[in-house]
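Notebook open, structure loaded. I want to go through a few spots one by one and jot down what turns up.

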Amino acid sequence: QVQLVESGGGLVQAGGSLRLSCAASGIIFKINAMGWYRQAPGKQRELVAAITSGGSTNYVDSVKGRFTISRDNAKNTVYLQMNSLKPEDTAVYSCYGHIELSDAASYIYWGQGTQVTVSS
């Protein structure tokens with residue numbers, strides 16, 4: 001059973017910073033891409049940032065220059081450092097991982113979601 005457990009959400013004032021973590025556990029053969037989605041009330045879910053196993057990254061335009069995604073492959077963990085936070089960053093942030101259980105089976109797993117609230 002593979003699980004992704006997130007931590008690091010909370011309430012912060014505009015201009016502040018938060019760091020989200022997402023650790024994968026279980027019987028894992030390999031983790032390919034990992035990343036973060038967010039969904040604000042009344043809005044569609046959007047991909048915030050993603051990182052490949054080799055370290056290539058991509059970001060939604062609205063967070064470029066403010067957010068940094070990274071990963072520690074030895075710990076099966078992905079991070080999202082969020083700086084210069086804005087009220088419009090308020091959302092539930094969920095991590096995902098494209099995880100291979102063997103050389104013949106791979107699935108997308110999701111974390112439980114963590115609330116990030118940025119006050120003005």
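**Entry 1: around Y109**

I started with Y109: leaving aside neighbours within four places in sequence, Y109 is in contact (heavy atoms within 4.5 Å) with V2, L4, C95, Y96, G97, I99 and L101. This is a predicted model, where local features need pLDDT of at least 70, side-chain atom pairs count only at pLDDT 80 or more, and totals for chains, interfaces and linings use all residues. Residues are numbered from 1 along each chain as its sequence is written, and side-chain values use heavy atoms, with hydrogens and water left out.

I placed Y109 in strand 10, residues 105–110; strands here are DSSP runs of E, at least two residues, numbered from the N terminus. I also checked Y109 against M34: they are 75 residues apart along the chain, and their C-alpha atoms are separated by 9.5 Å.

**Entry 2: the disulfide**

Next I looked for disulfides (cysteine sulfur atoms within 2.5 Å). I got a count of 1. The pair is C22 and C95, with sulfur atoms 2.0 Å apart. C22 sits in strand 3 and C95 in strand 9, so the bond ties together parts that are 73 residues apart in sequence. The S-S torsion of C22 and C95 comes to about 55°, so I noted the disulfide as right-handed.

**Entry 3: R38**

Is R38 buried or exposed? R38 is buried, at a relative accessible area of 6%, and I found it in strand 4, residues 30–39.

I then looked at polar contacts (N or O pairs within 3.5 Å, one able to donate a hydrogen and the other to accept it; residues adjacent in sequence count only if both atoms are side-chain atoms). The R38 side chain has one with the side chain of D89 at 3.0 Å and another with that of Y93 at 2.9 Å. Beyond four places in sequence, R38 also touches other residues, including Q44, E46, V48, S62 and F67.

**Entry 4: the core**

I noted 27 residues in it, with W36, F67, L80, M82 and Y93 touching the most other members. Among the elements giving two or more residues to this core are strand 5 (46–51), strand 7 (67–72) and strand 8 (77–82).

Note on methods. Helix = DSSP H or I, 4+ residues; strand = E, 2+ residues; numbered from the N terminus. Buried < 20%, exposed > 50% of the residue type's maximum accessible area, 1.4 Å probe, protein only. Core = buried A, V, L, I, M, F, W, Y, C linked by side-chain atoms within 4.5 Å.
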